[in-house]
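Reader: Please take me through the labels used for this model. I want each one set against its cut-off.

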Amino acid sequence: MELGVNFPIDSFYKGCILDAETLSNKSGWWTAVLLLRDPKTNCKIIALYKWQQVDGAWKKRSSWKIKSNQEFLTLNSVIQKFIKQLEK
């Protein structure tokens, strides 16, 4: 079975999923992180998706793609800073 075949992503990325993990799938909402290979550039992308189930079908509500190590490091730094505030 092809990896990620059940993820409701755009046909542009079908067949380009290198790895995937569901973070949550409950109450009609599905969140996942996917490692994709961009079919145009052949570069790897980390994509965060959120879908909502509407009338029996999954509809993408938001997505965000991280395209470089530097972009991830910047994001991670800010998140680490904010996580400390959650503990207070």
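Author: Here are the labels, one by one, starting with the model itself. It is predicted, so local features need pLDDT of at least 70 and side-chain atom pairs count only at pLDDT 80 or more, while totals for chains, interfaces and linings use all residues. Residues are numbered from 1 along each chain as its sequence is written, and side-chain values use heavy atoms, without hydrogens and water.

Reader: What is the order of the elements in the protein chain?

Author: From the N terminus it reads β-β-β-β-α. That is 1 helix and 4 strands. Both are DSSP runs numbered from the N terminus: helices are H or I with at least four residues, strands are E with at least two.

Reader: Why is the pair of W30 and W58 called edge-to-face?

Author: Rings of Phe, Tyr and Trp (its six-membered ring) pair if their centres lie within 6.5 Å; planes under 30 degrees apart are stacked, over 60 edge-to-face, the rest tilted. The centres of W30 and W58 are 5.2 Å apart and the planes stand at 70 degrees, so the pair is edge-to-face.

Reader: What makes this pair a tie between parts of the chain?

Author: W30 sits in strand β2 (residues 29-37) and W58 in strand β4 (residues 57-66), so the pair joins parts 28 residues apart in sequence.

Reader: Why is the pair of Y49 and W51 called stacked?

Author: The angle between the planes of Y49 and W51 is 5 degrees, and the distance is 5.2 Å centre to centre. Stacked is the label for planes under 30 degrees apart. The structure holds 6 aromatic pairs. F7, W30, Y49, W51 and W58 form one aromatic cluster.

Reader: Why is K50 said to lie over the face of W29?

Author: A charge sits over a ring if NZ of Lys or CZ of Arg is within 6 Å of the ring centre and within 35 degrees of the ring normal. K50 is 5.3 Å from the ring centre of W29 and lies over its face.
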